[in-house]
Structures are given as structure tokens and as C-alpha cells.
Amino acid sequence: TKWLESARFENWLFILGTFVAAQHVDERWVDESQLPWANISYFNFAPIHVGGTKRSFVHFKHFISGIDFLHTQPSVPRTQPQTPPGVF
């Protein structure tokens, strides 16, 4: 992001895409909720850079849309998080 620090981009705000993180939830909650497909919590973040400065942030997105995933099937129990492309 070094080139974003240029004075040329002063007063610009860059949203540099998004990324999704996943975490297994407490299995007791899954059992009590009777929602076996809800065994993984997803968190979506957007990296932000303030142009013309060295200031960078990560902002939490409150709503994850279907476009944030390449493939999802909420009706099928999720036993593993989605594998990002290029990761084997």
C-alpha cells in the first residue's frame, strides 16, 4: 500500500476488498440450538486505507452477503469452512 501514501491520493479512501474468517462455535450451543448447520461463525472484514497517509484500518462488516462466498449451501451441515481458491 506504499503507493497509496502518495500525496496524489490525499483525501481518498480505499476499500481494499474484503476477507472472511471462520471460527468453530461452542458445540454445546449447536446442540441446544438444534441448528447443526450453524456450527461455524463467519466474520467479514474490509481493509481500509486513507489515501495520502500511512493510516490503515480493518472494518468489521455486520452483514455477510452471499457474494462474499464462492459457494455456499446453508441447508447442508457445514463441517468445514469453505476453502479459499488457491489453498489446498
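# A tour of the aromatic pairs and the salt bridge

Start by selecting Trp 3, Phe 9, Trp 12 and Phe 14, which ring pairs link into a cluster. Rings of Phe, Tyr and Trp (for Trp, the six-membered ring) pair if their centres lie within 6.5 Å; planes under 30 degrees apart count as stacked, over 60 as edge-to-face and the rest as tilted. The model is predicted: local features need pLDDT of at least 70 and side-chain atom pairs count only at pLDDT 80 or more, while totals for chains, interfaces and linings use all residues. Residues are numbered from 1 along each chain as its sequence is written, and side-chain values use heavy atoms, with hydrogens and water left out.

The structure holds eight aromatic pairs. One of them joins Phe 9 and Trp 12, with 5.1 Å centre to centre and 75° between the planes, an edge-to-face arrangement. Phe 9 is buried at 9% relative accessible area, whereas Trp 12 is partly exposed at 46%. Here buried means under 20% relative accessible area, exposed means over 50%, and partly exposed is in between (1.4 Å probe, protein chains only).

Next, select Phe 43 and Phe 60. Their ring centres are 6.4 Å apart and their planes are at 45°, so this pair is tilted. Phe 43 lies in strand β3 (residues 40-50) and Phe 60 in strand β4 (residues 56-61), so the pair ties together parts that are 17 residues apart in sequence. Phe 43 is partly exposed, with 28% relative accessibility, and Phe 60 is partly exposed, with a relative accessible area of 33%.

Now switch to a cartoon view of the chain. It has one helix and four strands, in the order β-β-α-β-β from the N terminus on. Helices (H or I, at least four residues) and strands (E, at least two) are DSSP runs, numbered from the N terminus.

Then select Asp 26 and Arg 28. They form a salt bridge, with the closest N and O atoms 2.5 Å apart. A search of the whole structure finds one salt bridge, defined as a side-chain nitrogen of Lys or Arg within 4 Å of a carboxyl oxygen of Asp or Glu. Arg 28 counts as exposed at 58% relative accessibility, and Asp 26 is partly exposed at 38%.

Finally, select the whole chain. Of its 88 residues, 19% count as buried. Among contacts (heavy atoms within 4.5 Å) with a separation of 6 or more, 54% come from residues 24 or more positions apart. The accessible surface of the chain comes to about 7,000 Å², of which 60% belongs to carbon and sulfur atoms; accessible areas come from the Shrake-Rupley method with a 1.4 Å probe.
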